[in-house]
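Open the model in your viewer and keep the selection tool ready. This tour goes stop by stop, with something to select at each one.

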Amino acid sequence: RRLGRAGRAAGTRMPSRGESRARSTSLSMVAAFLGASVASIVSASVPPCTPRNRFWPPDLVLKTAEDFSTVREEVCRRSGSRAEEASTVVEKAVLAGALFTPSAGWSSRSPGGEGQALDQLLKYRVQNGMVPSALAKVGESCSPAKNRVEAVVGFYEVGEEQNPDDVGKCSREWSTYYLGLFLPYLAPLCLGGLCVLLHFTCCFVACCRCCRRCICCKERGEPRYSSKSKVIFVLALWIGVAVSLFGIGITVNALAFTMHATIDWQLCTGFQLVEEAIYGTTRMRYLGTSRALGNLEEMASTLDFDNDLTKLIRTTFQETGEFAKQQDKLQKRLSHFEDVLKMSGPGFRAFEHRCVFCSLAIGDPQNVIIGFPQTGLLPALMSELNASSSQSMVQIRSYISDVFIGPGLEDLASRVKRAIGAMNILDSALRVSLVETWAQRLPSIDVIESLRIAFFVCLGFLSMVAAVIGTLSFFITKVRARALPDRAPSGKVHCCSWCCLLFFVASGALLLTGVLILFTVFAGEGCVFLRREVFNHEGIARYADLLGLRPTPGGGTAPSKAVRDASAYAAVEIARSCFASNGTGDMLLALGLGNSLEFQPPLSDALYKLDGLVAKPALGERSAEYVEILRDAAARFGGMFILDPLPVASPATALDSRSAAVANGTLGILALNPNVGMLMIGSTLVPEKVTGPDGRFKEGLNSFASLIAGPGKYTFVHGTAGGGYIITPDLPSASELAALPSTTQNALLYGRAKEHLLASNRSFRCDTLDEEGNSEVRLCGVSAFKDFVSQEVALMQKQMDAASAEARRVEHYFLSDLRADLISVLRRIKELRTLSNCRFLWARIEALDQALCEDVAPNVATSCVNLMALASVAAVGTIIQYKVWRHLKDNKVVGQELARFETTHSRFSLRIQELEDERQRREIQLKAEHQQALDEGFTADGTKIKDDDGT
């Protein structure tokens with residue numbers, strides 16, 4: 001109102017209602033854009049989870065895995081089935097054991113592809129060596145710990161607090177970077193601002209005739225009509241502009257929704273990465289930093305010296321000492337007996353005779369006896385013991401003593417504390433860098449994206465409307481000119497086209513281009529910087545502080561600082577393992593727990609096995625059965641040795657048979673009379689026939705002698721049959737044997753071997769075992785060996801009884817709270833062991849990189865190019881419409897003034913003529929009156945000049 005009064009006081013014409021509405025529309029759109037930009041900037045500085053105002057949405061509250069999962073599902077639902085398909089591909093790769101290496105040329109690839117819009121936008125800075133060195137310089141100045149990772153020493157030294165000089169240097173480097181970024185790429189934004197100012201100026205020119213009389217916009221002095229060639233040129237130029245406006249408007253509208261789809265997918269990939277990195281995923285068999293931190297903290301609580309579990313473990317260990325001692329004695333007794341029998345076992349021949357009991361006790365694949373374990377009685381017994389509850393308790397006791405008592409506890413506790421610090425640092429870095437920075441601000445991002453879409457759609461729609469209205473304006477002008485050829489047509493439609501539409505399209509496109517081009521250049525440089533400088537083994541350590549991988553500063557003693565430094569180094573190692581392009585994905589190895597948790601599988605198995613064996617005998621279900629069979633076998637077959645020669649390379653002959661070295665196990669398989677050979681092989685050392693383990697009769701010495709050359713021809717010293725030649729270890733002699741048939745010679749050689757074995761007292765090992773578990777070597781013969789095995793079986797039975805009694809006495813220690821608490825801790829350790837391979841996160845990083853660097857940023861760059869083209873075409877169209885409007889406006893205004901001047905001049909001329917005629921009539925009348933007065937004798941002043949008498 002004040003402006004109106006001032007204008008009226010100055011005699012200036014105020015703008016019409018239509019012109020005011022056009023200006024208010026453009027101002028409202030500009031205000032909306034600036035408001036959205038300011039709101040996005042303000043949203044970045046407001047603390048999370050606090051409502052800003054009633055118009056702008058508050059941040060999300062993402063405190064739990066369920067909250068994050070709900071938001072992620074909602075975001076990924078926007079991209080349809082694409083997220084599920086990507087997850088399925090990653091899951092299959094995880095199951096197949098893929099290494100998740102970067103795609104070919106990933107680090108050197110230009111964002112968006114060579115020669116594309118984004119590549120062209122970055123070319124200026126690339127040619128000047130600012131990509132990625134500019135951001136790298138900023139990163140190094142803002143990460144003072146860039147050179148502090150000492151992999152050899154194993155510490156990551158971190159200052160207690162940040163140096164103020166480093167903070168100032170970081171701020172200066174960011175300012176330098178932004179200044180270098182703004183100088184070339186701020187031009188569209190500046191042009192947009194100038195365009196807005198020019199818009200206001202031109203609108204005032206359109207509304208105020210005084211402005212049109214200024215030197216820069218001087219009005220013509222007379223109407224002027226354009227030539228036909230000029231009209232055709234302007235029309236042709238406008239047609240090109242209109243077609244371009246309409247086509248680019250359609251493209252901008254399409255890009256609005258294409259870019260929206262890419263942004264939705266980028267948000268989905270980001271949420272997938274954040275959720276799986278922090279909260280884990282069952283599909284990819286990864287527990288996440290949050291669960292890993294919780295598991296480690298529970299482990300640390302369990303490993304505390306004063307914890308109830310560690311106290312219970314120490315009590316259990318002390319109370320089960322005698323049990324462990326008896327179990328150890330039993331194992332030594334069994335191992336000793338087995339080792340001694342192996343020396344006389346299936347592969348050993350004492351004078352061509354095999355120990356039958358040894359085959360039964362330790363197993364003989366070549367002589368399997370039905371009714372006896374194929375693996376042997378002792379291996380079967382030991383297997384039964386290993387599967388028993390007593391052995392499970394032994395294993396449990398062994399593992400808890402190694403892990404939860406003494407140096408093992410101290411070492412594991414220190415490693416877990418360092419791991420907790422490292423995982424805490426990494427978890428905090430992920431939450432600060434990803435969750436608090438943008439994940440929580442999803443509502444704000446959605447609002448800004450909605451405003452962007454609205455701006456794109458409005459620009460596209462207005463450009464198409466401007467093309468249509470601008471074209472119609474020429475037709476309207478032509479129709480008006482034909483309808484009223486004597487009057488200059490009005491240019492209001494052309495004014496609406498340039499003032500209300502084209503100027504807004506041009507200024508809006510320039511302003512939006514200015515904002516988007518800064519984003520796309522920064523995003524493109526960021527992609528190059530991340531690919532070449534950050535996501536590799538050296539880059540993560542160099543920019544550790546920038547990534548948040550540093551411990552929280554705090555006081556304390558030197559050991560606590562050392563733990564924090566070691567934790568920070570471990571956090572860097574985890575980040576390298578999970579997020580570096582050449583990472584291994586082994587989180588436990590990076591935490592320093594690679595081999596420290598290997599006790600979990602066997603200890604868990606022992607605990608679960610013990611739970612299922614509580615109701616069974618302490619030493620196994622069949623242990624007593626096997627011992628009974630073993631004792632019976634020792635009594636019946638402990639002294640049974642049967643002829644069972646093994647093949648040798650050079651069998652002995654009758655000429656060297658007197659040599660004991662040759663006769664003991666070197667005869668080999670000799671040819672015997674085929675009629676009796678099968679009976680001789682398998683014969684024993686006792687005089688009479690006996691039943692073997694297989695239930696068949698075995699020939700004795702008496703029957704063997706009768707089979708050599710018939711009954712009564714030969715007899716053994718240790719036999720009971722009378723008459724015939726007496727076979728001794730040395731007889732028959734070599735000369736006597738030479739005169740006999742070969743089969744008889746061979747049979748007599750085997751007979752002499754029998755006598756050798758019976759006469760020998762050093763053919764077998766009968767080692768003894770003392771109370772301390774020490775073995776003493778002792779050699780023995782056949783009868784002593786039989787006594788030895790019987791005694792060993794009796795001692796073994798006695799030791800088993802003692803071990804079983806102790807097992808029953810102490811089993812309640814293992815079945816009490818110890819088992820429940822240990823299983824709870826071991827379950828979490830199992831999660832750490834089996835769900836700690838984070839290498840699949842590289843697939844998520846590449847997906848996010850692909851979405852941002854190959855989809856979003858290139859689409860934004862393409863939008864910038866289209867918007868710049870739209871702004872250029874709109875500027876040309878504005879000039880055309882403005883010139884046409886100004887031409888018509890000047891013709892109309894000047895023509896109207898001339899017409900008014902002619903009318904006024906005609907009226908003025910007539911009035912002048914009337915006044916002149918009146919003056920002439922007056923003069924004539926005055927002259928007549930004067931003459932009459934003279935004739936009557938009066939002067940002009942009425943003085944009488946003549947008397948009545950005429951003098």
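Why are tryptophan 174 and tyrosine 178 separated by about one helical turn? Because they are four residues apart in helix α7, which runs over residues 164-185. Keep in mind that this is a predicted model.

**Stop 1**

Select tryptophan 174 and tyrosine 178 and show their side chains. The two form a stacked aromatic pair. Their ring centres are 5.5 Å apart, and the planes make an angle of 25 degrees. The angle counts as stacked because the cut-off is under 30 degrees. Tryptophan 174 has 25% relative accessibility, so it counts as partly exposed. Tyrosine 178, at 35%, is partly exposed as well.

**Stop 2: more rings**

Next, select Phe337, Phe357, Phe641, Phe764, Phe785 and Phe788. Ring pairs link these residues into a cluster.

**Stop 3: the whole chain**

Zoom out and switch to a cartoon view. The protein chain has 32 helices and 12 strands. It holds 951 residues, and 46% of them are buried. Its accessible surface comes to about 46,300 Å². Carbon and sulfur atoms account for 58% of that surface. What about contacts along the chain? Among those with a separation of 6 or more, 77% are between residues 24 or more positions apart.

**Stop 4: the second largest pocket**

Select Ser226, Val231, Val884, His887 and Leu888. Of the 34 residues that line the second largest pocket, these are the closest to its centre. The pocket has a volume of about 1,200 Å³.

Now colour α10 (228-279), α18 (442-483) and α32 (841-936). These are the elements that give two or more residues to the lining of this pocket. Which of them gives the largest share of the lining? It is α32, with 10 residues. Colour the lining by class next. You will find 20 nonpolar, five polar and nine charged residues.

**Stop 5: the largest cavity**

Four cavities of 30 Å³ or more are counted in this model. The largest cavity has a volume of about 60 Å³. To find it, select Ser359, Leu360, Gly363, Asp364, Asn367, Val368, Ile369, Phe372, Pro373 and Gln374, which line it. By class, this lining has five nonpolar residues, four polar and one charged.

**Stop 6: two cis peptide bonds**

Go to valine 131 and proline 132 and show the backbone. The peptide bond between them is cis, with omega near 0 degrees. Proline 132 sits in the loop between α5 (117-127) and α6 (133-141).

Then jump to leucine 731 and proline 732. A cis peptide bond joins this pair too, with omega about 0 degrees. Look for proline 732 in the loop between β8 (725-727) and α28 (734-738).

**Stop 7: two positive phi angles**

Select glutamate 352. Its phi is positive, about 70 degrees, although the residue is not a glycine. Glutamate 352 lies in the loop between α13 (321-343) and β3 (353-355). Is glutamate 352 buried or exposed? At 1% relative accessibility it counts as buried, because the cut-off for buried is under 20%.

Move on to arginine 285. This residue, also other than glycine, has a positive phi near 55 degrees. Arginine 285 is in the loop between α10 and α11 (288-302). Its relative accessibility is 38%, so arginine 285 counts as partly exposed.

**Stop 8: leucine 835**

Leucine 835 lies in the loop between α31 (817-834) and α32. That is the α32 you coloured at the pocket, where it gave 10 residues to the lining.

Leucine 835 and leucine 588 are 247 residues apart in sequence. In space, their C-alpha atoms are 9.8 Å apart.

Methods
Residues are numbered from 1 along each chain as its sequence is written. This is a predicted model: local features need pLDDT of at least 70, side-chain atom pairs count only at pLDDT 80 or more; totals for chains, interfaces and linings use all residues. Side-chain values use heavy atoms; hydrogens and water are left out. On a 1 Å grid over the protein atoms alone, a cavity is a set of points where a 1.4 Å probe fits but cannot get out, and a pocket is an open set with protein on both sides within 12 Å along at least five of seven lines; lining residues have an atom within 4 Å of a point. Grid points are joined across faces, edges and corners, and a volume is the space filled by probe spheres set on the points. Ala, Val, Leu, Ile, Met, Phe, Trp, Tyr, Cys and Pro count as nonpolar, Asp, Glu, Lys and Arg as charged, and the others, Gly among them, as polar. Buried means under 20% relative accessible area, exposed over 50%, partly exposed in between (1.4 Å probe, protein chains only). Contact means heavy atoms within 4.5 Å. Accessible areas come from the Shrake-Rupley method with a 1.4 Å probe; for residues, only the protein chains shown count as cover. Rings of Phe, Tyr and Trp (its six-membered ring) pair if their centres lie within 6.5 Å; planes under 30 degrees apart count as stacked, over 60 as edge-to-face and the rest as tilted.
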